[in-house]
Amino acid sequence: MSQTLFEKIIARQIPADIVYEDEQVLAFRDIHPQAPVHVLVIPKKPIARVGDAEASDQALLGHLLLKAGEVARMLGLKDGFRLVMNHGQHGGETVPHLHCHLLGGRPLQWPPG
Ligand code: 5GP
């Protein structure tokens with residue numbers, strides 16, 4: 001199967017502004033930021049989308065969320081932030097590699113569009 005865009009970023013075949021990395025996850029700035037801070041936190045394991053994760057991914061998903069919170073603190077989002085995972089067409093997913101959007105740095109509207 002061909003590699004997704006995000007697998008190419010993990011492999012450093014495509015450049016990205018990486019803000020955090022460990023053995024399990026990578027966090028990098030979104031190329032089209034929707035807020036002053038817009039970071040994507042992704043597992044290195046190629047899970048297509050959150051609804052396709054399996055029970056064996058439980059620890060990895062927990063780790064991903066913990067790291068998203070840690071990155072938010074690291075980037076100084078003390079007034080709050082939002083985490084978003086888009087699943088499928090109606091969810092607005094465009095890259096089939098699980099990613100958690102970390103958005104902050106301005107007040108965010110609710111409900112989303
Ligand atoms: P989705 O729409 O699937 O939830 O989110 C995919 C995100 O990936 C979008 O916010 C889009 O701007 C971002 N993106 C697409 N291509 C690239 C790229 O080449 N580099 C980076 N850093 N982000 C990208």
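Analyst: Two residues are said to be in contact when heavy atoms of theirs lie within 4.5 Å. The model shown here is a predicted one. Under that contact rule, V71 touches V19, Y20, A27, V39 and L102, leaving out residues up to four places away in sequence.

User: What makes a set of residues a nonpolar core, and how many residues does the largest one have?

Analyst: The members must be buried residues of nonpolar kinds, such as Val, Leu and Ala, joined through side-chain atoms within 4.5 Å. The largest core that meets this rule has 17 residues. Those with the most contacts inside it are A27, V39, V41, L64, V71 and L102. Two or more residues each come from β1 (18-21), β2 (25-29), β3 (37-43), α2 (58-74) and β5 (100-104). The largest share, five residues, is given by α2. Apart from this core lies another, of eight residues, including I9, L26, F28 and V95. In soluble globular proteins, nonpolar side chains tend to be buried together.

User: Why is H99 called buried?

Analyst: The cut-off for buried is under 20% relative accessible area. H99 has 7%, so H99 is called buried. This residue is found in the loop between α3 (88-91) and β5. Leaving aside neighbours within four places in sequence, H99 is in contact with F6, L40, V41, I42, V84 and M85.

User: What makes the approach of the H99 side chain to H97 a polar contact?

Analyst: The side chain of H99 reaches the backbone oxygen of H97 at 2.5 Å. The limit for a polar contact is 3.5 Å between N or O atoms, and the pair at 2.5 Å is within it, so the term applies.

User: Why is the pair of D57 and K45 called a salt bridge?

Analyst: A side-chain nitrogen of Lys or Arg must be within 4 Å of a carboxyl oxygen of Asp or Glu.

User: Are D57 and K45 each buried, partly exposed or exposed, and what decides it?

Analyst: Buried means under 20%, exposed means over 50%, and partly exposed lies in between. D57 has 3% relative accessibility and is therefore buried. K45 has 39% and is therefore partly exposed.

User: Which other salt bridges are there, and how many does the rule give?

Analyst: The count by this rule comes to eight. One of them joins E21 and R12, with N to O at 2.6 Å. Another joins D52 and R49, at 2.7 Å. E21, at 34%, counts as partly exposed, and so does R12, at 45%. D52 is partly exposed as well, with a relative accessible area of 38%. R12, E21 and K44 are linked in a network of salt bridges.

User: How do you know which residues line the largest pocket?

Analyst: A lining residue has an atom within 4 Å of a point of the pocket. For the largest pocket, 31 residues are in the lining, of which D30, H32, Q34, H38 and H101 lie nearest its centre. The volume of this pocket is about 810 Å³. At least two lining residues each come from α1 (5-10), β2, β3, β4 (81-84) and β5. The most is given by α1, with three residues.

Note on methods:
Residues numbered from 1 in each chain as written. Predicted model: local features only at pLDDT ≥ 70, side-chain atom pairs only at ≥ 80, totals over all residues. Heavy atoms only, no water. Buried < 20%, exposed > 50% of the residue type's maximum accessible area, 1.4 Å probe, protein only. Helix = DSSP H or I, 4+ residues; strand = E, 2+ residues; numbered from the N terminus. Polar contact = N/O pair within 3.5 Å; in protein donor to acceptor, adjacent residues only side chain to side chain. 1 Å grid on protein atoms, 1.4 Å probe; cavity = no way out; pocket = protein on both sides within 12 Å on 5 of 7 lines; lining within 4 Å. Points joined across faces, edges and corners; volume = space filled by probe spheres on them.
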